[in-house]
Amino acid sequence: MTVETTSIDTLVVGAGQAGVAMSEHLSKLGVPHLVLERDRIAERWRTCRWDSLVANGPAWHDRFPNLEFADFDPNGFAAKEQVAQYFVEYAKKFDAPIRTGVEVKKVVRNAGRPGFSVDTSEGTIEANRVVVATGPFQRPVIPPIAPTSAHLTQIHSADYRNPQQLPEGGVLVVGAGSSGVQIADELQRAGRRVYLSVGAHDRPPRGYRGRDFCWWLGVLGEWDAEVMKPGREHVTIAVSGARGGHTVDFRRLAHQGITLVGLTKAFDDTVVTFEADLADNIRRGDENYLSLLDAADAYAQRNGLDLPEEPQARIIPADPECMTHPLLELDLAKAGVTSIVWATGYAVDFTWLQVDAFDEKGKPKHQRGVAKEPGIYFLGLPWLSRRGSAFIWGVWHDAKHVADHIVTQRKYLAYYDEPQRHVEEKRVEGGESAPDESRVHKLSEMGIN
Ligand SMILES: Cc1cc2nc3c(=O)[nH]c(=O)nc-3n(C[C@H](O)[C@H](O)[C@H](O)COP(=O)(O)OP(=O)(O)OC[C@H]3O[C@@H](n4cnc5c(N)ncnc54)[C@H](O)[C@@H]3O)c2cc1C
């Protein structure tokens with residue numbers, strides 16, 4: 001699709017949930033804008049997730065405030081395609097100005113005049129402001145310890161689709177956040193021998209006393225936490241909406257047949273070594289689990305909530321053999337392991353954004369999404385303003401803040417430009433030279449006046 005607009009007030013890059021939320025707020029506030037998406041709306045929900053993935057949160061929670069999932073049990077977990085379709089429907093609802101199939105290739109700051117020049121696959125656009133909504137999870141990361149052995153098939157969780165995709169044989173899944181744990185479970189249920197490498201994690205109960213953990217984290221203010229707890233920077237969250245939703249319990253997975261191992265340390269050809277930290281990691285996960293039950297009980301008591309008691313939720317199964325006698329070394333070839341799935345997270349890639357919005361380590365420098373470089377905004381990044389920032393419901397609230405900031409900036413500019421124009425008009429009436437029409441024209445094209 002050709003981009004016939006050559007200048008716009010605000011350009012939003014990316015039409016995942018963040019771009020759609022941004023567009024809704026900008027539309028409501030009357031800010032002229034355009035959203036450019038290189039693929040389709042919510043593409044990552046369609047093609048960067050495995051086949052059986054469902055949302056980790058129930059449909060009543062993992063959605064935007066102004067639309068429910070149509071014909072869907074609010075306590076159910078929407079499949080990835082349903083999530084993608086939800087955002088398509090949402091964008092239709094307010095006729096979001098989204099152009100799909102257009103990639104933003106470069107953004108540079110204009111010299112001596114406002115705004116940015118944006119190179120796209122369909123030509124150049126001038127924009128006063130650019131909102132970067134290209135996702136929290138862009139580039140799959142496989143750590144440098146990955147072996148070079150040609151006998152092993154290695155993929156990142158972003159490329160995992162289903163068990164049939166992997167060659168016959170056992171699988172080592174590295175990483176036990178929501179992706180790793182769900183993929184390991186699926187592979188084991190499909191009859192594979194599975195080793196799951198478990199690091200530090202939180203594992204809230206799926207539900208407790210009749211309420212989903214998303215509700216508990218909400219009322220306890222945890223989704224709104226503005227800073228990570230010290231020392232928890234590398235702690236992942238292990239939750240699952242699969243098979244109707246269930247609590248991730250590593251001991252149960254081990255009793256089911258998965259061999260748990262500690263953090264993956266190193267490879268020597270096909271021999272892999274693991275840290276001796278498995279039991280510690282699992283116990284810390286238990287502490288996190290139990291602390292949420294405690295906080296939930298205290299909240300229920302404090303507020304006199306009549307919720308059914310659930311003492312059985314506190315029963316922790318016996319430690320499995322793989323915890324009491326942890327495997328510290330494994331010859332993958334001898335064990336019949338033919339594949340490794342790296343569920344080791346993602347990085348961001350902002351090489352196309354050539355502006356002064358990054359710190360010395362290349363990380364976006366911003367305050368609640370408002371970048372160090374005036375006119376640049378980030379949205380959807382983990383912890384942009386709070387714990388929920390990279391999740392469906394959280395990004396909508398961050399988008400509102402960014403949109404409000406944009407409106408405030410536009411007001412300042414309008415206040416300056418209006419009197420300036422009157423002065424220039426008076427000068428013309430008085431026979432002085434004409435105003436700089438090119439600037440007035442440009443500003444109105446950009447929706448500034
Ligand atoms: C496996 C997995 C499961 C998840 N499950 C949940 C869940 O259940 N609930 C929840 O709330 N969150 C979940 N998340 C987290 C989060 O909701 C998703 O990652 C979500 O996709 C983030 O939305 P986004 O719009 O910020 O980014 P993305 O969905 O990544 O969208 C960014 C868009 O920008 C486009 N783009 C990128 N670069 C350019 C460019 N240069 N020019 C034009 N377009 C560009 C991309 O094509 C993409 O469509 C999950 C994440 C993962 C990885």
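How many residues surround the ligand, and which are the closest? The count is 33, and the closest are Gly 14, Gly 16, Gly 135, Gly 380 and Phe 391. A residue counts as near a molecule if its C-beta atom, placed from the backbone, lies within 6 Å of it. This is a predicted model: local features need pLDDT of at least 70, side-chain atom pairs count only at pLDDT 80 or more, and totals for chains, interfaces and linings use all residues. Numbering starts from 1 along each chain as its sequence is written.

Stay with the ligand for a moment. Helix 1 (17-28), strand 2 (33-37), helix 2 (43-47) and helix 9 (392-429) each give at least two residues to the shell. Helices (H or I, at least four residues) and strands (E, at least two) are DSSP runs, numbered from the N terminus. By class, the shell has 15 nonpolar, ten polar and eight charged residues. Here Ala, Val, Leu, Ile, Met, Phe, Trp, Tyr, Cys and Pro are nonpolar; Asp, Glu, Lys and Arg are charged; the others, Gly among them, are polar.

Now step back. The protein has ten helices and 24 strands. Its C-alpha trace spans about 95 × 60 × 40 Å along the principal axes. It is divided into domain 1 (7-138 + 348-412) and domain 2 (141-345), with bounds from an automatic or database domain assignment. Their centres, taken over C-alpha atoms, are 30 Å apart. Where the domains touch, 17 residues of domain 1 are in contact with 20 residues of domain 2. Contact requires C-beta atoms, placed from the backbone, within 7 Å. The domain 1 side of this meeting has seven nonpolar, seven polar and three charged residues.

Next, look at one sheet. Strands of a sheet pair through backbone hydrogen bonds, either parallel or antiparallel. This open sheet has five strands in the order 8-19-9-10-15, with parallel pairing. Two strands pair if DSSP finds at least two bridges between them. Strand 8 (153-156) and strand 15 (259-261) are the edges, each pairing on one side only. From one strand to the next, the twist averages 20 degrees. Strand 9 (residues 170-174) and strand 19 (residues 337-342) are joined by five bridges. Within this pair, Leu 172 stands opposite Ile 340.

Finally, find helix 4 (residues 178-189). Helix 4 lies across strand 9, strand 10 (194-197) and strand 19, at about 170 degrees to strand 10. Such angles run from 0 to 180 degrees between N-to-C directions, with axes fitted to C-alpha atoms, for helices over the stretch in contact.

Definitions and conventions
Two residues are in contact if their C-beta atoms, placed from the backbone, lie within 7 Å.
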